[in-house]
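Here's a quick briefing for anyone meeting this structure for the first time. Have a look at it below, then read on.

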Amino acid sequence: MLLEVKHIEKSFEDGVPVIQQASFEVQENEIFALLGPSGCGKTTTLRMIAGFEHADHGEIYLEGELLSSSKVHKAPQKRGIGFVFQDYALFPHMTALDNVAFGLTKLPKFKRKVFAEEVLCRTGMGDHKHKSPAELSGGQQQRVALARAIAPEPKLVLLDEPFSNLDAMLRESTRKEVRSILKKAGMSAVLVTHDQEEALSFADRIAVMNEGRIEQIGLPEEVYYQPKTKFVAQFLGRTNLFEGDVDNCDTIQTKLGCIKLNRSANGRVTCSIRPEHLTIETPNGSSNGYSRGIIIAREFKGHDITYHVECAGERYIIHTDNRIVFEKNDEVVVKPLEAAVVLDNLN
Ligand code: ADP
Ligand code: MG
């Protein structure tokens, strides 16, 4: 294990807890994402790992060495961790090239600029190497900041919303390039983002944060398809939630009909089913047990279609591929393709 964050807690002067009992581990050569809405404590967590903030409680270890506890606080510059700040924080009086070459102290002097240029080229900034930060756009500064953080090949790089200022096309290509640089050099990264698609596609594992707490850690497929809580289900994309009473069994009666659950449950249950795990059909003799609904809206998106269906006063979202074609006001039955996921009741 490379990084271990154990039960960290933090409040600022007003005493309101900003991070509560957060724990996670990052393995060697792993890209780990902290995903959550704005204000949930992602940047604060990253700043504690870097050493710019001191956790009130809990410990942080890097390669087994204690970096932070209630008694210990290793200085940020001694931690050997790369950092891309949300606001880039480039040296304003240096060119892009010098910004990147600056940290390459392990290389002999004559090699530093050559290597810095190579990394700048890989983040698409080779043509701008002689410009100062003031002559670069936000997105260009962001790519220089990325190059500066990864060029010295630290064991761990902390990335705070590092692609937020790039337009869609550039974001995808920069993400791919950065991922390949990290993987090739054997670096690990903690990526902070509020963008679920970015976390799902860039990270090996994801921790989903809500109001200072980590609600779930898992592989992208796990947090998406097996959310543990209502918050995780809703934050990772659109979903359909059902509530009902269950009597020690693995089915639930809903307004759509009887739906299978992913596990047996008892008592009041909330469960989630993704829109692509529902389908719609023309009502016919075999739709026994499933209620009829009406299509109230349709979004055509090329390779797939999103339908909004109203059924017994409730609205449901269904994604189908583009071969399942219905029109607004058509009568349909909604059928589940997969079991609904039972969520933990957090109170
Ligand atoms: P995120 O990066 O997830 O958007 P932050 O970690 O920046 O969230 O902030 C989490 C909470 O901590 C917010 O409510 C924010 O206002 C508060 N906060 C962050 N830094 C400070 C600070 N230096 N002083 C007081 N409150 C802070
Ligand atoms: Mg932030």
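Helices (H or I, at least four residues) and strands (E, at least two) are DSSP runs, numbered from the N terminus. Just after α1, Gly 51 takes a positive phi of about 100 degrees. This is a predicted model, where local features need pLDDT of at least 70 and side-chain atom pairs count only at pLDDT 80 or more, while totals for chains, interfaces and linings use all residues. Residues are numbered from 1 along each chain as its sequence is written, and side-chain values use heavy atoms, with hydrogens and water left out.

**The whole chain**
- The protein chain has 8 helices and 18 strands.
- Its C-alpha trace spans about 80 × 45 × 35 Å along the principal axes.
- Of its 347 residues, 48% count as buried (under 20% relative accessible area, with a 1.4 Å probe and protein chains only).
- Take the contacts (heavy atoms within 4.5 Å) between residues at least 6 apart in sequence: 63% of them join residues at least 24 apart.

**Helix α1**
- This helix covers residues 42–50 and is mostly covered, with 7 of its 9 residues buried.
- Among the buried ones are Lys 42, Leu 46, Met 48 and Ile 49.

**The largest pocket**
- A pocket here is an open set of points on a 1 Å grid over the protein atoms alone, where a 1.4 Å probe fits, with protein on both sides within 12 Å along at least five of seven lines; lining residues have an atom within 4 Å of a point.
- The largest pocket is lined by 26 residues, and Ile 81, Gly 82, Gly 103, Arg 148 and Pro 152 lie nearest its centre.
- Both β6 (81–84) and α4 (138–150) supply at least two lining residues each.

Notes. Chains lettered and ligands numbered in written order. Buried < 20%, exposed > 50% of the residue type's maximum accessible area, 1.4 Å probe, protein only.
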